[in-house]
Amino acid sequence: MVRLFSLLCFILFGVYDSIQSEKSGGSRCLKPFLMPVLIVFYLSSASSVQLLLAAALAFDWAGDVFLMSRRHRALLAGVISFGIGHVLRILLFVQQGLVFDDVVVLVMFMMAAYGGSVLNRIRFPLPVIRN
């Protein structure tokens with residue numbers, strides 16, 4: 001029952017957040033709840049819980065929360081949190097002996113490109129060097 005409830009919450013929260021993110025000045029009030037609900041779904045669904053994956057999801061949640069702020073330090077903390085989450089997932093893949101074939105590398109490249117496009121939309125001052 002927890003599994004089904006958390007899955008439904010994740011879907012509803014995700015749809016609502018997606019709709020709100022498209023609106024100019026839309027409220028992202030459910031954004032901080034997406035990853036915790038996903039963690040609950042994972043913990044209630046997995047036959048054996050992988051602590052590295054649960055920790056990676058927790059760092060992803062922290063990254064989401066940090067990136068909701070417009071402050072420069074929060075942006076850096078969010079990027080670092082997501083980076084730690086990615087490293088933990090890679091360690092999990094290596095620990096399980098998974099081999100990165102061409103399809104996995106392609107999907108990872110596409111995800112990185114999408115993440116880069118998201119970061120490109122965030123406006124923060126960068127130093128300009130002039131001659």
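**Reading a helix pair**

A: Helix α3 passes helix α4 in a left-handed crossing, that is, the near helix is turned anticlockwise from the far one by less than a right angle, whereas clockwise would be right-handed. Helices here are DSSP runs of H or I with at least four residues, and strands are runs of E with at least two, numbered from the N terminus. The model is predicted: local features need pLDDT of at least 70, side-chain atom pairs count only at pLDDT 80 or more, and totals for chains, interfaces and linings use all residues. Residues are numbered from 1 along each chain as its sequence is written, and side-chain values use heavy atoms, with hydrogens and water left out.

Q: At what angle do α3 and α4 pack?

A: Two packed helices are described by the angle between their axes and the distance between the axes. For α3 and α4 the angle is about 165° and the axes are 8 Å apart; axes are lines fitted to C-alpha atoms, for helices over the stretch in contact, and angles run from 0 to 180 degrees between N-to-C directions. Therefore α3 is roughly antiparallel to α4 (under 35 degrees is roughly parallel, over 145 roughly antiparallel, 65 to 115 roughly perpendicular, and the rest oblique).

Q: Which residues of α4 are buried?

A: An α-helix has 3.6 residues a turn, so residues three or four places apart point the same way. The buried residues in α4 are Ala-74, Leu-75, Gly-78, Ser-81, Gly-85, Leu-88, Arg-89 and Leu-92 (buried is under 20% relative accessible area, exposed over 50%, partly exposed in between, with a 1.4 Å probe and protein chains only).

Q: Which residues does Ala-56 contact, leaving aside its neighbours within four places in sequence?

A: Contact means heavy atoms within 4.5 Å. Ala-56 lies in helix α3 (residues 51-67) and counts as buried because its relative accessibility is 0%. Leaving aside neighbours within four places in sequence, Ala-56 is in contact with Gly-85, Leu-88 and Arg-89. Ala-56 and Arg-89 are 33 residues apart in sequence and 6.3 Å apart in space, C-alpha to C-alpha.
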